[in-house]
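Please read it alongside the sequence and the structure shown here.

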Amino acid sequence: MKKIIHKVFTAWHFEDEEKWINKMAAKGLNLTDVGVAKYVFEEGLPGEYQYRVELLENLPTHPESERYIRFMEEMGAEYVASVSRWVYFRKKAEDEPFELYSDMDSRVAHLRRINILLVFLFIFEVWAGVFNLVVGIAYGMAINVIIACIPLILALCIIPGIIRSVRKYRRLKREREIRE
Amino acid sequence: MESIALTEAVYYILLSLDTPLHGYGIMQNTERLSNGRVRLAAGTLYGALNTLLEKGWIKALPGSGSSRKKEYLLTETGRNVVMTEIARLKELLHNGEEITGGWTDEKNNS
């Protein structure tokens with residue numbers, strides 16, 4: 001039986017998202033598809049799968065991503081679904097713990113990708129806000145000024161995310177200076 | 001050759017590729033060599049293999065018939081890197097043992 005749950009996880013909470021998906025899997029609800037703030041689960045055996053979420057460098061349809069996904073499948077993981085550059089993998093839980101990374105360098109690189117995404121989103125939102133604001137003021141259109149508030153508020157919401165994510169990245173990088 | 005410290009993952013990947021292996025084989029071999037201590041995760045292994053290919057320390061073997069899985073093998077450059085690394089590790093071990101060797105004596109004397 002299918003179960004659809006709508007839930008929002010921000011990019012800097014991807015680890016919480018992963019935990020939540022794994023908690024569902026432990027209860028016997030296995031993720032089979034994802035959308036924007038949408039998760040499709042199918043009933044199965046509790047604890048059958050372990051899930052991992054990863055931000056790829058390119059879209060899943062990009063040849064490089066296709067190579068990566070094929071490699072993951074050769075290594076015994078199963079590609080479940082994706083939303084933009086976020087991909088969801090799973091592996092039968094009977095094997096050893098399912099991890100995507102076993103060294104700090106790859107974890108640091110992954111966090112860096114997330115940071116770049118957040119900064120890019122921030123710049124885009126600010127740009128969209130300022131653009132609407134300028135148009136609204138220049139042409140005296142109140143509607144644009146109101147619309148401008150949406151991306152500007154979103155930009156403000158991203159700031160704590162960036163701070164949190166950059167801190168985590170720096171902590172890991174400092175740690176990397178003394179160990180692998 | 002420039003002396004660089006290899007990561008544990010890279011060191012074991014290079015050693016494993018003394019014979020042609022595909023990704024899963026490298027993972028299994030590394031686990032066997034390290035008595036289960038070093039477990040290469042797929043994402044880490046993928047990144048390392050690409051970097052090693054770029055550096056020319058390993059090469060991908062042309063597709064071997066029925067199996068679509070890509071196999072890799074250590075190159076001559078890769079062998080030199082491993083030899084340099086072993087010399088570096090010997091130095092680390094030698095210095096470590098020489099200094100800590102005195103520690104047990106001190107304990108026995110006191």
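A salt bridge is a side-chain nitrogen of Lys or Arg within 4 Å of a carboxyl oxygen of Asp or Glu. The model is predicted: local features need pLDDT of at least 70, side-chain atom pairs count only at pLDDT 80 or more, and totals for chains, interfaces and linings use all residues. Residues are numbered from 1 along each chain as its sequence is written, chains are lettered from A and ligands numbered from 1 in the order in which they are written, and side-chain values use heavy atoms, with hydrogens and water left out.

Over all chains the count is 13 salt bridges. In one of them, Arg90(A) pairs with Glu78(A) at 3.2 Å, N to O. Arg90(A) lies in strand β6 and Glu78(A) in strand β5 (residues 78-83) of chain A, 12 residues apart; strands (E, at least two residues) and helices (H or I, at least four) are DSSP runs numbered from the N terminus. Arg90(A) is buried, with a relative accessible area of 10%, while Glu78(A) is partly exposed at 32%. Here buried means under 20% relative accessible area, exposed over 50%, and partly exposed in between (1.4 Å probe, protein chains only).

Glu48(A) and Lys92(A) form a salt bridge at 2.9 Å, N to O. Glu48(A) sits in the loop between β3 (38-43) and β4 (49-55) and Lys92(A) in strand β6 (residues 86-92), so the pair ties together parts that are 44 residues apart in sequence. Glu18(A), Arg52(A) and Glu99(A) are linked in a network of salt bridges.

Glu125(A) is found in helix α3 (residues 104-138) of chain A. Glu125(A) is buried yet has no salt bridge, and Arg85(A), the nearest side chain of opposite charge, is 14 Å away. Lys and Arg count as positive and Asp and Glu as negative; His and the chain ends are not counted.

## Contact between chains A and B

The contact (heavy atoms within 4.5 Å) takes 21 residues from chain B and 19 residues from chain A. The area buried between the chains is about 1,600 Å², of which carbon and sulfur atoms give 60%. Buried area is the accessible area (1.4 Å probe) that two parts lose on being put together, summed over both. In chain B, Ala42(B), Thr44(B) and Tyr46(B) lose the most area to chain A, together 35% of what that side buries.

Between chain B and chain A the count is zero salt bridges.
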